[in-house]
Amino acid sequence: MRRNPISPSGLATTVLLTAGLFVLPSCASGGPGDGSSGAASASGDPTSTTSTTTGPWAVDAATQEAAEQAVRSMSVEEKAGQVIVASFDGSDAAAVDAQIQTIEDLHLGGVIVMGRNVPTTGGAGETQEDSALGGAQGVDVNAMTEQNARMQDALSSAHEGQDWPGIISVDQEGGTVTRLGAPLTQWPLTSDIGEANDPDLTREAAAGLASELSGLGFTMNNAPSADVTTPGDAVVLDRSYGSDPENVGEQAVASVEGHTDAGLVSSPKHFPGHGSVTTDSHVGLPVQEKSVEDLKTSDWVPFQAAVDAGAPTVMMGHIAVSEWDAKIPATLQSKAYDAVRNDLGFKGAVVTDALDMGALQGMVGPGKTIDTGVTTPAGAALQAGADLLLMPEDAAAAHADIVQAVESSAIPEDRLDEAATRVVALQMMQKKAAEDPEAPASEPGSHQELVTRIEEAQPAQ
């Protein structure tokens, strides 16, 4: 039975927000894509307008004001750290100590746990990478929980008087992309869940997956894939719910709902759609040749459904749209953020795909494709309209780039304020969502019965 269903066409609750979480008129600041930042307020005040949004992640007025007040009290250095989710190497005590020092030094908003960071029963720091996308087997559940708790202690005290948690994220789609293997429940391929074609079951499975993560101390899962697979798909493939945009949208909405049931932030990805391009963005820059009008009726359909259903974040992918600029990926393209804000009507935090991927190599800096007063993809993404910067190749360099860009006015400070406010508000809302979730934290491996039901729901061959 579906619990508190969220309609993709609209929700019952409407909450008035102030504009720190909204689409704001762009100001000419030399941002990538079309010569503007694509997100900063023309009035210089990111709280000058109002709007409405709905759903369990809608930020109430009190939370919005608290987030704005928190950001107002931060230095530029603190705000620059608040919008970064950094990766790290290793999973032993020394590796965790080093990352905690980085959290403190840079005032980081979050960390991401990859397969290499998962402690296993083979010993501290040992992981088994099943593929290039990761996957640690024999997870030491107690050690993982302790590691996340230590990280959270540091993240939660990154700012004076802080009363919101940090982000501890992971890519745990299930199936092909699984960072934490057994003894956690090993879920079927996303394509198999799509073939079962039961949104209620999809929601229940997502809640089960997310509840196991929350029990280990995670607050955000970079899932689900809202990409529509096609015959030319270069990377998503069985990570997609299928090839029909409407069906993929139904499944993506159900997954977002399931994550919400467990109090975890979800992140439908990879806008503007990775399933209909022929290059893997891990190694190169895919170029989407469809027109924007065509995308609205195909690749963007699941993202629109997820936004309408109240998704807390949307992930921007490293995919160039030729109608915008075939040389600039959406993560660094102001027109892409304009599309998410204006075409999809999204008012929450937009997170980038990992900023250390091959599609961005050699893209940013003096004399390069993006030469707009920034030197890193993180700086260019923030300049273009991103709010949460995932996995910069060098977190310290990204942080320094943002600070210098604000000081030089290459990035207007109100653009940084806007992003930091959205991130802080998101974290405050996650804290509320985790206080009394419908799907409380659960034991790793406790959802095998659900896996069996998904397998039994597969269509006959």
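Helices, meaning DSSP runs of H or I with at least four residues, and strands, meaning runs of E with at least two, are numbered here from the N terminus. What I am showing is a predicted model, in which local features need a pLDDT of at least 70, side-chain atom pairs count only at pLDDT 80 or more, and totals for chains, interfaces and linings use all residues. Residues are numbered from 1 along each chain as its sequence is written, and side-chain values use heavy atoms, with hydrogens and water left out.

Let me start with the whole protein. Its secondary structure comes to 14 helices and 13 strands, and 60% of the 461 residues are buried, where buried means under 20% relative accessible area, exposed means over 50%, and partly exposed lies in between, with a 1.4 Å probe and protein chains only. If we take contacts, that is, heavy atoms within 4.5 Å, with a separation of 6 or more, residues 24 or more positions apart account for 77% of them.

A word on confidence. The average pLDDT, the predictor's confidence in each residue on a scale from 0 to 100, is 88 for the protein, and 86% of the residues score at least 70. Over residues 1-52, however, pLDDT stays under 50, although the model has 169 contacts beyond four places in sequence for that stretch. Where pLDDT is low, the predicted coordinates should not be read in detail.

Now to the loop between strand S8 (220-221) and helix H7, where Pro 224 is found. A cis peptide bond, with omega about 10°, joins Ala 223 to Pro 224. Leu 237 has its place in the loop between S8 and H7 as well; its phi is positive, about 50°, although it is not a glycine, and at 46% relative accessibility it counts as partly exposed. In the loop between H7 and strand S9 (287-288) we come to Pro 272, which a cis peptide bond joins to Phe 271, again with omega about 10°.

Helix H7 itself, residues 245-261, packs against H9 at an angle of about 35°, with the axes 8 Å apart; axes are lines fitted to C-alpha atoms, for helices over the stretch in contact, and angles run from 0 to 180 degrees between N-to-C directions. On the H7 side, Pro 245, Glu 246, Val 248, Gly 249 and Val 253 meet Val 301, Pro 302, Ala 305 and Ala 306 in H9.

Is Ser 298 buried or exposed? It counts as buried, because its relative accessibility is 14%, and, leaving aside neighbours within four places in sequence, Ser 298 is in contact with Val 228, Pro 245 and Lys 290.

Helix H11, residues 377-384, is mostly covered, with eight of its eight residues buried, and the cover includes helix H10 (334-343), strand S12 (349-352), strand S13 (389-390), helix H12 (395-407) and helix H13 (413-435). Gly 385 follows H11 with a positive phi near 140°. Met 391, in the loop between S13 and H12, also has a positive phi, of about 55°, although it is not a glycine, and Met 391 is buried, with a relative accessible area of 4%.

I will finish with Glu 456, in helix H14 (residues 448-456). Glu 456 is exposed, at a relative accessible area of 62%, and its C-alpha atom is separated by 8.4 Å from that of Ala 196, 260 residues apart along the chain.
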